[in-house]
Amino acid sequence: MESGYQRLDVSEHRRCRCSKMQKFVWLTGFLLALALHVVVVPSSSTWLLAVYYASVGFVVVWTILLYLMEKADVPDLTPIECIVPEKIWCRGYLVNISGASCYSRTTIIHLNDGSYCVHSPCPLDDICEQFFHGRTVSYLLAPGDWHHFHIAAWAQRFQTAKVLICPGVEKKQPLLNHNGFIHDYIASAGNDDALSKEFEAVFSAGFDLMHEVVMYHKVTRHLLLVDLVEHIGDDYVGYNRCLRLFWCLFGMWNQGKPAPEYQFGVGKKDEVRRFMREILEGDWKIEGIILSHGNNLLHVTNEESKEFLRGAWKAML
Ligand SMILES: [Fe+2]
């Protein structure tokens, strides 16, 4: 099988389209500016001129914002794609943060005991229901403190599943009943537990603004990252212009790099370096990297994976 970057399966992709509300606000501002122009030009009233310039300014700014924030015309949820036969599946779902939108990724792992683990759950819909019909979901994971938004709905639907979280999620979702932090649970659950038998995990220590639990699936030798590497560029679909602008400004376009919150939120450099070296120099043999945002790196050697990670993290090492 060919190695390299794997795109999300988005069957239909047409370029951006504004919402009706965005068009309505733009048209209202435009018509107001036009009407004032007709009234103001022959007049010398100061306050009318002020309103006129404010309306023109609004139309200009709103036009720029509409252009940048226009959502890519792609499905909100992508099909469920098989990544490793019988073992790992992924699915993309659109997220929007401060006007920048792109896909986030849910990963489903088939454990050796026959049950399933859901990592970074997407909105629960009929396709998820069909996939899990007759299957047992035994673990629901919120692996990052920005990747927990849909876990409560899944916990409600799959009530026997253990809910494990990244530190920080308990503060953001105080009403969520959970069974502990992912890395602590895996370290302590022992050999009778399906998740701890198949995974190793490490917490991203040393950062101030964003956190996650990095997971390594020993069975398939795949690494699951949330925001520690995002890999979005020319061959990616689903982003809008606002995201592209930010990614270009941060030097992240076509480059695998940590999310801006990681880049600008290094609190304790020593801890960050120790944590990254633990992944790069430890005994994990990584032959595939699944990212929450961007194109996965699949069917690669351990050396290629580590080189990719070293390149992404070089500013922090
Ligand atoms: Fe994220």
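**View 1. His299, a partly exposed residue in a loop.** His299 counts as partly exposed because it has 15 C-beta neighbours inside 10 Å. For the cut-offs, 20 or more other C-beta atoms within 10 Å of a residue's own make it buried, 12 or fewer make it exposed, and anything in between is partly exposed, with C-beta atoms placed from the backbone. You'll find His299 in the loop between strand E12 (296-298) and helix H11 (302-313). Here helices (H or I, at least four residues) and strands (E, at least two) are DSSP runs, numbered from the N terminus. Phi of His299 is near 55 degrees, a positive value in a residue other than glycine.

This is a predicted model, where local features need pLDDT of at least 70, side-chain atom pairs count only at pLDDT 80 or more, and totals for chains, interfaces and linings use all residues. Residues are numbered from 1 along each chain as its sequence is written.

**View 2. Asn254, in the loop between helix H8 (241-249) and helix H9 (260-263).** Phi is positive for Asn254 too, near 65 degrees, and this residue isn't glycine either. Asn254 is partly exposed, as 13 other C-beta atoms lie within 10 Å.

**View 3. Residues 47-68, a span that is 100% helix and 0% strand.** The end C-alpha atoms of this span are 31 Å apart. In an unreviewed UniProt entry, "transmembrane region" is the annotation for residues 24-41 and 47-68. Positions follow the numbering used here, feature names are shortened, and such annotations may be inferred rather than shown by experiment.
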